[in-house]
Amino acid sequence: MKSDDILSLQREILNRRIFLNPFSNDTLNFSLCEFLISLERRNALLDFDTSNYVRKCRFFLENIENIQPKVAELLKSYRDYLEVETQFTSLETKELDIDEVGIPKLIYPQTLSYIKDTCQAIGREYQDCSILELGPWMGATTNILNKNLKNNKVHVYDQFLWEDWMYSTCRDLDNPNFESFQKGQSFSEKFKTLVNPKDHVTIHECDILNHDYDYITPESVVLLIQDFTDEYESMVSIYNKLRDKLVPGKSIVVSPQFGNLNATGLIRFHAEYKSELIPLHRTRSAMRSFVFKP
Ligand SMILES: C[S@@+](CC[C@H](N)C(=O)[O-])C[C@H]1O[C@@H](n2cnc3c(N)ncnc32)[C@H](O)[C@@H]1O
């Protein structure tokens, strides 16, 4: 069959003009594909109120029958993910000024706005606590922490070494001047120029996974922003290193990429730690925040 024919056949089935035998494997495979595609689409649209959609997906997953154990295992992770997705409180965010969003970034402006509001609340309530940012890249988030906190110590960790993916990202962001960096070259000076860190911000140029976090001051971390990895093993390793610095019932963990379905390790991590990292907020972005409640 030619690929054009396959596409038109798919269209006919999707539009319900051709009905498949409901008990055949083809139907099952087709329904699964349809489900996964719609999940991807939902994510691309970054729908704010997903409750109806999530209900439909969960119904689909719960009622699907006769599947192989491997497929069932795969679907279980989707079911867990959708269950967590229903538990966040949706928050609208305010527009930021140009000097608050001007640094090249992967993070959504809505996430920056959420972090700004969170900083202001922290500044009022928890002056003797630290903020940790893992993986700031060019410093878009650090810029917000720099501008909106004064008395809280902010610790920022990155190896600041140029990698291949950063070229294409900068090109996509319309910042061709970054192309002068060589792979492996340090961009920490560029970061400092863009952020202009004040005294309350300490920059740690290090490998996040092999760093000694015993000397954070003050000891308790009230906000942890994690954007250096979406690998499951790295997440577990760093979380276990920092866990005893989090304050039960108070510390917020911000995960800017949780809604990105490619970040499967991140989704797996949060599914596994769902009994102590409790869903808190979502904005119109891929970001989700969690409160530490062991
Ligand atoms: C996806 S980027 C972060 C994007 C940034 N948060 C933003 O919104 O623009 C990941 C960052 O983590 C850093 N990184 C990744 N693995 C690291 C590690 N093991 N140690 C230190 N830094 C690391 C990279 O250098 C990069 O700056």
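Hello everyone. A word on the ground rules: this is a predicted model, where local features need pLDDT of at least 70 and side-chain atom pairs count only at pLDDT 80 or more, while totals for chains, interfaces and linings use all residues. Residues are numbered from 1 along each chain as its sequence is written.

Let's begin with the overall picture. The protein has 11 helices and eight strands. Those are DSSP runs numbered from the N terminus, with helices (H or I) of at least four residues and strands (E) of at least two. Out of 294 residues, 29% count as buried. Buried here is for a residue with 20 or more other C-beta atoms within 10 Å of its own, exposed is for 12 or fewer, and partly exposed is in between, with C-beta atoms placed from the backbone. I'll also talk about contacts, where two residues have their C-beta atoms, placed from the backbone, within 7 Å. Taking the contacts with a separation of 6 or more, 72% are between residues 24 or more positions apart.

Now please find helix H6, residues 109-125, and helix H7, residues 140-148. Their axes are 9 Å apart and the packing angle is about 25 degrees. The axes are lines fitted to C-alpha atoms, for helices over the stretch in contact, and the angles run from 0 to 180 degrees between N-to-C directions. That angle makes H6 roughly parallel to H7. On this scale, angles under 35 degrees are roughly parallel, over 145 roughly antiparallel, 65 to 115 roughly perpendicular, and the rest oblique.

Which residues meet there? From H6 come Leu112, Ile115, Lys116, Cys119 and Gln120, and from H7 come Ala140, Thr141, Ile144, Leu145 and Asn148. By type, this contact has six nonpolar residues, three polar and one charged. The nonpolar class is Ala, Val, Leu, Ile, Met, Phe, Trp, Tyr, Cys and Pro, the charged one is Asp, Glu, Lys and Arg, and the others, Gly among them, are polar.

On to helix H11, residues 264-272. Its buried residues are Leu266, Ile267, Phe269 and His270. They span an arc of only 160 degrees around the axis, so they sit on the same side of H11. The arc is taken from the directions from the helix axis to the C-beta atoms.

Next, the loop between E1 and H5, where we find leucine 91. Is leucine 91 buried, exposed or partly exposed? Leucine 91 is partly exposed, because 17 other C-beta atoms lie within 10 Å. Beyond its neighbours within four places in sequence, leucine 91 is in contact with Tyr114, His281 and Thr283. The C-alpha atoms of leucine 91 and threonine 283 are 5.2 Å apart, although 192 residues separate the two along the chain. Lysine 94 belongs to the loop between strand E1 (89-90) and helix H5 (98-101). Lysine 94 is exposed, since it has 9 other C-beta atoms within 10 Å.

Finally, some backbone details. Most residues other than glycine have a negative phi, and most peptide bonds are trans. Tryptophan 137 has a positive phi of about 55 degrees, and is buried, with 21 other C-beta atoms within 10 Å. Asparagine 196 also has a positive phi of about 55 degrees, but is exposed, with 11 such atoms within 10 Å. Last stop: a cis peptide bond joins threonine 217 and proline 218, with omega about -25 degrees. You'll find proline 218 in the loop between strands E4 (201-205) and E5 (221-226).
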